[in-house]
Structures are given as C-alpha cells and as structure tokens.
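Hi everyone, thanks for coming. Please have a look at the structure on the screen, and then I'll walk you through a few parts of it.

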Amino acid sequence: MPLNDVLLGELRSGLPRLQGARVSAVLPVYRTVIEEVLPLLPGLPDGVSLTLGTDQQVQVRYGSFYANATLHPDVSLRPTPVVTLELASQLVAWGLQRAPLPSFVRLSGRLVHIWLAEIPALGDAAPLWPHVASLTCRSTAGGLQIDARLHVAGAGQPLPAFTRSPRTHGDRPMTEGRLQAWLRHQVETGLPALTGARIAGTVPLPVTLLNELLAEAVAEAAEGRSAGTSAAPRGGPDLAMLARMVRHVRVDAAPGVVTIDFAVGADG
C-alpha cells in the first residue's frame, strides 16, 4: 500500500491510532488564493466572486448582484462546523431566500450559514471535524488568517461516526478534478499558497503505525531508485520538501509509543 494511502486511510478512519494528539495551526488564506480556488469549488454557481475587506467585511458578487456582509470570526463546531456571515441588508436577505443557493448554504434572517461538512470538496475532512477544538477566521491586510486547534479524542472516548454527504448534479465532478489538480500542484511546488503557515503539535505515534509508515517510505524510495529518479513515484508527499519546513522536532520513546513534538513553517 503506498505511503499516501496509509496516511489517507488513517485520516478517513478518524485517526484512531493517534489518540491524544494535539495540534495548533495558523494558516493564511490570501486573496489571490481565494480567487484561484473559488471557481474550482464544486457546488458553487459559475461567476461567483468574493472580496475581503478590513474588520471582517466580505462582499459577494454574482453577475450584477452583490451583497455586503460581516464574517463572524468564530466558527461554530457543534454539532457540525458552520461559518456564519451577517448580511448588511435585510432586502438582500429577502432576495437570497428566493435564490437557488447551494445545499450547504442556509439562511436565517440576515444570517448566512455555510455548513462546512456538507461542502463536497471538503468531504475527505469529515473525520477531522470531531477533533477540532477551536476554529477562527480573522481578516488581515492580505486576506484571512485561520487559527485552528485540534485534539484527537483520548482512549475511552468513542469517535463519532461520519458519512459522506450525498453528491448531487451540482457537485460538478469535472470541476472537482481541477481542484484536486490544483492541490497536487501546490504539493509539487512547495505549498506556495501556504507561505507563512505555522503548525505545531505533540503526536503520540504507536510503534505499529510508525513501522507501517517506515516500511512504505522505504519501499517507495527503493522503487524510485530502481526507476532512476528521486521523485516519489506514487504521487506521495515530497519528504525532502517537507523536511525543509521543520523548525523544531523532539522525539521521546516509551514502550509501544513514540511521541513527536514538532513545529513546522512554510516560509516560501
């Protein structure tokens, strides 16, 4: 099984072998990145644009229609993650109630709720939501800054079951493929969209999982040598590129588990 598949399998099963892990992240979302990604999101109507201003101000445009709103900084997490915008105009809110909005967008008076777990492009992140302890979005001079804290449920705490949201005709699988291609390009070019991102955490790694990851990494390296190339042959992460982002790492070993304390940063 490729290394990428091992990592994705662990994620999709809810990180059961990483219980007790704690991670904090600061992620910039630049205006230019929003302009690139927005047209690629399945479920959004063609022609929608988003402009970010100071003090949490947001303007959404769709053709000749535009709406001004204020982004609530704190994302509601329970029972499911929801981003909330407050429209500046009651008249616009009334008009949107009669518009064909995506299924993950819902209105309540002047409040627009975006249900993150129901966005098709975020479907693979579903097992992560129960572990998110806090999530905030704040406006900056360059766009948004997302601050997140994750705490994987400890032993004895059952993990919630998640099911993928059903796809509809509006999910546009061809567009979703373009989004995946954009993500692959980001990984291949050193994650330029995340320049300035910082991630730190403490992760207890069971020896069984560590051995599995090492075996796959060695197998992929051997396959790369036999093919006469240093690139990851199966589309896995560029480990050399990831290593350059490491700012701090400490490893503590105990019977059956290795705890990694780390900090990484994408400086561009």
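I'll begin with the chain as a whole, then turn to one strand and its partners, and end with the charged pairs.

Two notes before that. This is a predicted model, where local features need pLDDT of at least 70, side-chain atom pairs count only at pLDDT 80 or more, and totals for chains, interfaces and linings use all residues. Residues are numbered from 1 along each chain as its sequence is written, and side-chain values use heavy atoms, with hydrogens and water left out.

So, the overall picture. The protein chain has six helices and twelve strands; these are DSSP runs, H or I of at least four residues for helices and E of at least two for strands, numbered from the N terminus. Of the 268 residues in the protein chain, 34% are buried. Buried here is under 20% relative accessible area, exposed is over 50%, and partly exposed is in between, using a 1.4 Å probe on protein chains only. If we take contacts between residues at least 6 apart in sequence, 62% join residues at least 24 apart, a contact being heavy atoms within 4.5 Å.

Now please find strand S5, residues 82-87. What are its partners? Strand S4, residues 65-71, runs antiparallel to S5 and is joined to it by three bridges; strands pair if DSSP finds at least two bridges between them. One of the places to look is Thr 70, whose bridge partner in S5 is Glu 86. Strand S7, residues 111-115, is also antiparallel to S5, with five bridges between them. There, Val 83 has Ile 114 as its bridge partner in S7.

Let's stay with S7, where you'll find His 113. Its side chain makes a polar contact with the side chain of Thr 84, at 3.0 Å. By polar contact I mean N or O atoms within 3.5 Å; within protein, one must be able to donate a hydrogen and the other to accept it, and residues adjacent in sequence count only if both atoms are side-chain atoms. Beyond its neighbours within four places in sequence, His 113 also touches others, including Val 82, Phe 104 and Arg 106.

Arg 106 has something else to show: its charged end sits over the ring of Trp 115, 4.2 Å from the ring centre. The rule is NZ of Lys or CZ of Arg within 6 Å of the ring centre and within 35 degrees of the ring normal.

Finally, salt bridges. How many does the structure hold? There are four, each a side-chain nitrogen of Lys or Arg within 4 Å of a carboxyl oxygen of Asp or Glu. One of them joins Glu 86 and Arg 110, at 3.3 Å from N to O. Glu 86 is in strand S5 and Arg 110 in the loop between strand S6 (105-108) and S7, so this pair ties together parts 24 residues apart in sequence. Another joins Arg 17 to Glu 212, with the closest N and O atoms 3.2 Å apart. That pair links distant parts of the chain, 195 residues apart: Arg 17 is in the loop between helix H1 and strand S1, and Glu 212 is in helix H5. Asp 252 and Arg 250 form a salt bridge too, at 3.5 Å between the closest N and O atoms.
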